[in-house]
Amino acid sequence: MRSPENVLESLKSKACNKSYKYERLYRNLYNPQFYLLAYQRIQAKPGNMTAGTDGKTIDGMGMARINALIEKMRDFSYQPNPARRTYIPKSNGKMRPLGIPSFDDKLIQEVVRLILESIYEPTFSDYSHGFRINRSCHTALKYVQKYFTGTKWFVEGDIKGCFDNVDHHVLIAILRKRIADEYFIGLLWKFLKAGYMEDWNYHNTYSGTPQGSIISPILANIYMNELDSYMAEYAEKFNCGNRRKINPAFKKKLDVCRGKEQRLKRNISKMSVEEKEGLIAEIRELRRSLKSIPYSDQMDDSYKRLCYIRYADDFLIGVIGSKEDAEQIKQDVGCFIRDKLHLEMSEEKTLITHGHDAAKFLGYEVTIAKGEHNKKTKTGATRRVNNGKVLLYVPHDKWVKRLFSYNALKIKYDKQNGNKEVWESVRRTRLLHLDDLEILNQYNAEIRGLY
């Protein structure tokens with residue numbers, strides 16, 4: 001049998017051909033080398049010692065167990081076990097449901113994930129940064145800093161219970177666009193319909209990707225890639241103009257300034273010292289006042305831009321245009337998500353925010369710089385720096401909570417001054433006996449954790 005690496009490379013090489021349909025994918029699940037590769041990738045995770053509903057863990061995994069799984073694949077008798085439902089605490093005090101699959105199911109899911117990743121990863125949008133190789137929250141935020149410059153309005157996207165409400169039929173229809181292997185599609189149906197056990201009661205799953213499953217992130221990205229493609233097409237239609245028109249107020253004052261400069265140049269030899277100094281002073285004042293007026297027309301309707309970024313189910317849209325444009329975009333995106341993906345956007349949390357206010361994305365406050373300043377170029381000339389730079393801030397309540405979690409801060413209230421907050425750092429006597437380098441490493445790690 002072919003090595004898994006060769007098979008995956010072959011799948012990847014055809015991924016960008018959108019008309020190509022993948023056939024005979026299921027037969028790769030007969031290859032023991034695929035299971036060994038999958039085992040190598042997931043064996044180090046501590047959760048593998050947690051038993052699923054079948055009571056088995058990674059302990060005792062060997063070729064006999066792998067061969068038994070392959071036989072079930074050959075005669076199509078394999079049926080995933082329902083996940084064991086448990087709950088983990090969230091930062092806001094609520095509980096998050098988590099499914100724990102059996103290890104045999106994890107192994108097969110990792111093989112399926114490798115195959116799906118080879119097919120879909122090369123075709124995913126550059127706008128998508130969640131659950132992908134070499135992409136993270138940090139790469140998403142860097143993208144915002146680089147490409148959202150000058151944004152006038154933000155549309156903060158929030159989908160109600162996105163991954164719990166993924167429509168199985170829509171997802172399978174999307175998969176069938178590229179995969180023409182009904183045995184492989186049938187296996188994915190089994191994983192989607194496996195259900196879960198809670199308090200020894202079995203529950204069916206009618207929608208959503210399996211909680212805690214290895215294949216859930218890639219399936220979610222395949223599903224949400226439809227939104228990414230729609231936004232790319234939408235931006236292409238929305239964007240117009242190569243550059244903004246010159247601001248009429250700036251042009252009027254610039255023309256006056258240039259006229260006086262021409263007059264000075266023509267008549268400098270005929271002017272008295274007082275006239276010359278007076279005209280030079282007027283020109284300087286005009287040049288100074290020009291720096292306070294935007295060069296381009298900020299209300300130019302012939303210049304529009306749309307920027308978009310997504311991390312998992314969290315997305316942000318930046319609009320260079322009017323508020324009416326932003327409202328129309330919000331409405332159109334909401335219609336697409338409802339009609340095509342069968343999901344609902346939260347009306348309360350999907351906000352339209354002005355660029356100079358703070359839009360929330362991935363735990364940060366995103367805003368556009370208001371001020372402008374001058375800097376000297378390499379030639380010595382003075383030029384204005386673009387005042388539409390993106391700024392990222394950590395919300396005040398977040399970093400205060402983090403300092404409390406480090407036990408590095410305590411707040412007292414001064415009653416004599418109207419209960420004014422008095423911040424005090426907390427002694428850490430447990431660090432006293434550590435080496436200086438260890439103390440520095442501890443504090444530096446915590447500072448990095450803040451950002």
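The legends below describe several close-up views of a predicted model.

In this predicted model, local features need a pLDDT of at least 70 and side-chain atom pairs count only at pLDDT 80 or more, while totals for chains, interfaces and linings use all residues. Residues are numbered from 1 along each chain as its sequence is written, and side-chain values use heavy atoms, with hydrogens and water left out.

**View 1. A mixed open sheet of four strands.** Strands and helices are DSSP runs numbered from the N terminus, a strand being E over at least two residues and a helix being H or I over at least four. Two strands pair if DSSP finds at least two bridges between them, and on this basis four strands form an open sheet in the order β2-β1-β4-β5, with mixed pairing. β2 (95–100) and β5 (201–203) stand at the edges with a single partner strand each, so one side of each has no neighbour in the sheet. From one strand to the next the twist averages 40 degrees, where axes are lines fitted to C-alpha atoms (for helices, over the stretch in contact) and angles run from 0 to 180 degrees between N-to-C directions. Strand β1 (residues 83–89) and strand β4 (residues 196–198) run parallel and are joined by two bridges, and the bridge partner of A83 in β4 is Y196.

View 2. The expected span of a helix is 1.5 Å times one less than its number of residues. Buried means under 20% relative accessible area, exposed means over 50%, and partly exposed lies in between (1.4 Å probe, protein chains only); in α4, 18 of its 18 residues are buried.

View 3. Helix α10 (residues 273–290) reaches 26 Å from its first C-alpha to its last, close to the 26 Å expected. L279, I283, L286, S289 and L290 are buried in α10. These residues lie on the same side of α10, because they cover an arc of only 130 degrees around the axis, the arc being that of the directions from the helix axis to the C-beta atoms. On the other side of α10, V273, E274, E277, R284 and R288 are exposed.

**View 4. R310 and the residues around it.** R310 is found in strand β6 (residues 305–311) and is buried, with a relative accessible area of 1%. Contact means heavy atoms within 4.5 Å, and, not counting residues up to four places away in sequence, R310 touches Y127, S128, H129, G130, N221, M224, N225, D228 and F315.

**View 5. Strand β13 and its partner β10.** In a regular strand the side chains alternate between the two faces of the sheet. Strand β10 (residues 364–368) pairs with β13 in the antiparallel sense over four bridges, and E365 stands opposite Y393.

View 6. C240 is in no disulfide, as the nearest cysteine sulfur, that of C307, is 13 Å away; C240 is partly exposed at 29% relative accessibility. The sulfur of C335 is 17 Å from the closest cysteine sulfur, in C162, which is too far for a bond.

Conventions:
Disulfide = S-S within 2.5 Å.
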